[in-house]
Amino acid sequence: MKKKSIIKRVLTVIALVLLLSATIVAAKTSVVAAYTPDLSNGADNFYKSNKVTMKKVEFKNQYNMNVVGNLFIPKGLKKNTKNPAIIVGHPMGAVKEQSANLYAQKMAEQGFVTLSLDLSFWGESEGQPRNAVSPDIYAEDFSAAVDFLGTRSFVDKDRIGVIGICGSGSFAISAAKIDPRLKAIATVSMYDMGAANRNGLKHSQTLEQRKKILEEAAEQRYVEFTGGKTKYTSGTVHELNENSTAIEREFYDFYRTPRGEFTPKGSSPELTTHPTLTSNVKFMNFYPFADIETISPRPMLFITGENAHSREFSEDAYKLAAEPKELYIVPGAGHVDLYDRVNLIPFDKLTSFFKENLKKQ
């Protein structure tokens, strides 16, 4: 009887544990289901234009890595003429399906040949390990995109511009400093990924905190070198709670909901947006605004939201750049707002900028 009693108690405990686990899972599911993304101001990340055609393309960068992009061509474009083109880079940690495709299609509707691309190590482009940080290779991808576009029969190789969104703004600037074929440079909600990692937003990170990050990454190299599990960092949180910051909520609303969530083939929702810890420290050595004035006389346009937490980076770049340059502040807009809210994104401004600066000479 005693043995039966013990077995009964054990089974009761197991049943209670299973019930508690099911309750927790149900609660989490309920929270996710209850969350409604903010689709105000025309949020339309997955916009599909009926005015353009899209073709997936691949090309090699100088490191012999395959870069994958989406080529958008306005319907009715005369293929026997040379046309202006624009490269569009996605936010850091994102892929071309997030923000970049939207911008590329909207600009293609204005008559430009456009190319959204996945940066190396992200999305469909090559690069191992996945989600690795390499600012030099990111910049090279933009130059490789110029190689590709400039050798298309319907593109004028002397009229190629670039739009860099979020982190890609700093990578596009890095590319433009050494690639004069990029004739007009626009950034939107730009992050200086070097300064952001060295100093934090508004210089909120101390030198001691920076050194701790470097020490953690250095120790993690031993773990991974000896076959240990890869560790990831930063990126977008997977859950919100009462302590979540406004910035965490802003990114969550885009990257973790149907508004903008996209998991590339071969990845998983747990890994999207998260760079590897050991490679992310390479941003500490990234200074995209050094020598930014040497891009002149090629024009630069810096677009940022009035309320964007990243506004400081566009303002810093504008101060350091030489003429011609323009800082365009979107009233009432935050950082992520300019990823997909078509009622806030100043496509008219981008169109006039590129039509003026990519016109035939």
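Predicted model: local features only at pLDDT ≥ 70, side-chain atom pairs only at ≥ 80, totals over all residues.
Both Asp-340 and Arg-259 are buried. I open with this pair because their side chains meet in a salt bridge, with 2.8 Å from N to O, and both fall under the 20% limit for relative accessible area.

In total, 16 salt bridges are counted. One of them joins Lys-96 to Glu-124, whose closest N and O atoms are 2.5 Å apart. Lys-96 is in the loop between β3 and α2, and Glu-124 is in the loop between β4 and α3, so this bridge ties together parts 28 residues apart in sequence. Lys-96 is buried, at 0% relative accessibility, whereas Glu-124 is partly exposed, at 37%.

A further bridge connects Asp-179 with Arg-181, at 2.9 Å between the closest N and O atoms. Here Asp-179 is buried, with a relative accessible area of 6%, and Arg-181 is partly exposed, at 33%.

Which residues touch the most other members of the largest nonpolar core? Among its 89 residues, they are Ile-87, Tyr-103, Leu-149, Ile-163, Leu-350 and Phe-354. Helix α3, residues 135–150, supplies the largest share of this core, with 9 residues. Beyond its neighbours within four places in sequence, Leu-149 is in contact with several residues, including Leu-71, Ile-87, Val-113 and Ile-160.

Finally, Gly-266 lies in the loop between α7 and α8. Gly-266 counts as exposed, at 85% relative accessibility.

Methods
Residues numbered from 1 in each chain as written. Heavy atoms only, no water. Helix = DSSP H or I, 4+ residues; strand = E, 2+ residues; numbered from the N terminus. Buried < 20%, exposed > 50% of the residue type's maximum accessible area, 1.4 Å probe, protein only. Core = buried A, V, L, I, M, F, W, Y, C linked by side-chain atoms within 4.5 Å. Contact = heavy atoms within 4.5 Å. Salt bridge = Lys/Arg side-chain N within 4 Å of Asp/Glu carboxyl O.
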